[in-house]
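Please look over the sequence and the model before reading on.

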Amino acid sequence: MRKISLLKTLATAAVAIGASFSALAADPIKIGSVLSVTGPAAFLGDPELKTLQLYVENINKAGGVLGRQLQLVHYDDGSDAAKANAFGKRLIEDDKVDIIVGGTTTGSTMSMVPLVEKAEMPFISLAGAVVIVEPVKKWVFKTPHTDRMAAEKVFEDMKKRGLTKIALLSDTSGFGASGKKETEALAPKAGMTLLASETYGPKDTDITPQLTKIKNTAGVQAVFVFGFGQGGAVVNKNYKQLGITLPLYHAHGVASEEFIKLSGPAAEGLRLPAAALLVAEKLAANDPQKPVVTGYRKAYNDRYKEDVSTFGGHAYDGLMLAVEAMKRAGTTDKAKVRDAIEATKGYIGTGGKVNMSPTDHMGLDLSAFRMLEVKNGDWALIN
Amino acid sequence: MSQFLQFLFSGITVGATYALAALGFTLIYNASNVINFAQGEFIMLGGMLVFFFLQAGLPMPVAIFLAIAIPAIVGMLIEKFTIEPAREADVVTLIIITIGVSLVIRGVIQVWLGKGTHSYPAFSGNDPILIGGATLLPQSLWVLGITALVVVALWYFFSRTLAGKAILATSCNPLAAQLVGVNTQWVLLVSFALSAALGAIGGVLLTPITLTSYDVGIMLGLKGFVAVVVGGLGSGLGAVVGGLLVGIIEAMAAGYISSAYKDAVPFILILVILFFLPRGIFGAKVTERV
């Protein structure tokens, strides 16, 4: 990595001297990134890094941005927020990047927020929780949907089916804990009654005690599970083992092909809100997101021979938002790029349609989520 | 009542997985007084390898055989190349070496087989068995049955065979064992192979219930260690009782107290038991000569 960038610098210098062009014009635009490529959040960070690498390469092949090449400077925080902070500092002070895209988890993101605010560095986070953009921070943006939106979307669908008395089962990860908080706060406003609220560890191998309690709670009409990773699949298996027949809902954190594969027949009939990327092929032909998500899916599949996940999509959106903003600003000047990101209107990404504003640094609304149901071992769009 | 039964079944299922992990610890401890923190990785290897070989198109029995044989070889390699050269070092040093080994195994699998979570079908279907209003998965019976078999086999091995007695003798006093003709190096090699195979068997059995991924060994190893300490280091029966106890208490805590405190309960249990029974429930009553 170091060697390559040294070579590049030398090459750049040679070109600059030889052609007596301004060396500045040939300088690459530095995209900084801190991702959780290893550790517990690796399943998020790994596709994110692959996506960034793939698209930085593609953009460079197509001539770069503002006539300059992009250079990705990335560090792996090992899913450790403290490390993310140190790497964030390094990106700002040593590497002198032009923008930071990254921060896989909410913890990593929040540990870098004070740094970027102080250094006045545009920062597009790939993490989920509401706290990142609420209250609005001048230099901080994010691409993924929030946990509150997931709860809203699920409640909307439940009410359509006349289900108002529900049980909540959340995992103890940061994602699940934040989801639990948001769901509990939102429920009374949405006219929902939470009759039970249980938790489980994301690595638990048996969740039947919690589900037994929910099963024996009188009046429960549906179960809402808020968690991520493999825990959700264990919930499904135990749900079926106990013969619970209530409608089952999950949050967006488990949305992956792997989730269905691991759950097997136990996943049949469950519903969850997810980004359009997951059902790229099934979208209506006139859906504005269709070309974006099928394009990303194909590019990723061709290159890495593995299924796309919505998480990689967040990285795609983050990079594109940054690039679009630089093009519109016509410069990499940090303040101007920041203003351009905030002025993003009608950008169609893998996560949905993005309309940023000074009061909204995420720019997604509920339409960004599609309600999916598992039918015959595959996702199906509802209504 | 059916609720209590359900919690109990859940506890026994989870507990049996801890017990299998605990048995592996016991075996190596008996031979060398070393707590092998790579034990959890053998469990992971078992599950991941079966998945890998099934993907590669091998039939189930062959996949299972290979998934047990390969970790056994890995176990011997570990002994040969990391433990044996450091044989003169402190037990603590050896324990730290095993932690390093566990990191290496986890890293290799992460790079080779990826970070995804995997599973394969249960041996005899997924239809739960209904007992008194509570349900139990057939795979849990496999786990319990094989665990019981393993315990009996280990008991027989250690108390009725020359090889088993040689291992025990080596753990009591390596020098004396050597003097009466025990090949102590061979003993260590065998015990690592055995405990690796044992861990792998656990992984093979558990995966349909618990799923598997490159990092599943951390949790299983940790809980297995708790079970060993509760049951008493070095006792096969203690490992099983400890494992079941930890599992059942966890399930009961989740069911009757609060699921939020479930994971804290085993560690409170460890404190209480070590306070009253410093060597665990079935631990040998030894007096240290100073």
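This is a predicted model: local features need pLDDT of at least 70, side-chain atom pairs count only at pLDDT 80 or more; totals for chains, interfaces and linings use all residues.

## A helix across the sheet of chain A

At one end of the order, strand 4 of chain A, residues 123-125, runs parallel to strand 5 of chain A and is joined to it by three bridges; A:Ser125 has A:Lys142, in strand 5 of chain A, as its bridge partner.

## Two loops of chain A

The loop between strand 4 and strand 5 of chain A holds A:Pro135, and the peptide bond that joins A:Glu134 and A:Pro135 is cis, with omega at about 5°. Another loop, between helix 3 and strand 2 of chain A, contains A:Leu66, a residue that has a positive phi of about 55° although it is not a glycine.

## A hairpin in chain A

Strand 13 of chain A, residues 370-375, and strand 14 of chain A, residues 378-381, pair in the antiparallel sense over four bridges, and within this pairing A:Leu372 stands opposite A:Leu381 of strand 14. The hairpin formed by strand 13 and strand 14 of chain A has two residues between the strands, and A:Asn376 takes a positive phi near 50° there.

## Two domains of chain A

Chain A is divided into domain 1, made up of 2-145 + 292-367, and domain 2, which covers 147-274. The centres of domain 1 and domain 2 of chain A, taken over C-alpha atoms, are separated by 32 Å.

Where the two domains meet, the contact takes twelve residues from domain 1 of chain A and 16 residues from domain 2 of chain A. On the side of domain 1 of chain A that touches domain 2 of chain A, four residues are nonpolar, seven are polar and one is charged.

## Chain A against chain B

The contact of chain A with chain B takes 24 residues from chain A and 25 residues from chain B. On the side of chain A that touches chain B, at least two residues each are supplied by helix 3 (42-61), strand 7 (193-200), helix 8 (208-215), helix 9 (231-241) and helix 10 (257-263) of chain A. Helix 8 of chain A gives the largest share of that side, five residues. By class, the side of chain A that touches chain B has eight nonpolar, ten polar and six charged residues.

## A helix pair in chain B

In chain B, the axes of helix 2 (residues 39-55) and helix 9 (residues 216-231) come within 7 Å and cross at roughly 130°, which makes helix 2 of chain B oblique to helix 9 of chain B. The crossing of helix 2 and helix 9 of chain B is right-handed.

Among the residues that make this contact are B:Gln39, B:Ile43 and B:Met44 of helix 2 of chain B, together with B:Val216, B:Leu220 and B:Gly224 of helix 9 of chain B. The contact of helix 2 of chain B with helix 9 of chain B has five nonpolar, five polar and one charged residues.

Note on methods
Residues are numbered from 1 along each chain as its sequence is written. Chains are lettered from A and ligands numbered from 1 in the order in which they are written. Two residues are in contact if their C-beta atoms, placed from the backbone, lie within 7 Å. Ala, Val, Leu, Ile, Met, Phe, Trp, Tyr, Cys and Pro count as nonpolar, Asp, Glu, Lys and Arg as charged, and the others, Gly among them, as polar. Two strands pair if DSSP finds at least two bridges between them. Domain bounds come from an automatic or database domain assignment. Axes are lines fitted to C-alpha atoms, for helices over the stretch in contact, and angles run from 0 to 180 degrees between N-to-C directions. Angles under 35 degrees count as roughly parallel, over 145 as roughly antiparallel, 65 to 115 as roughly perpendicular and the rest as oblique. A crossing is left-handed if the near helix is turned anticlockwise from the far one by less than a right angle, and right-handed if clockwise.
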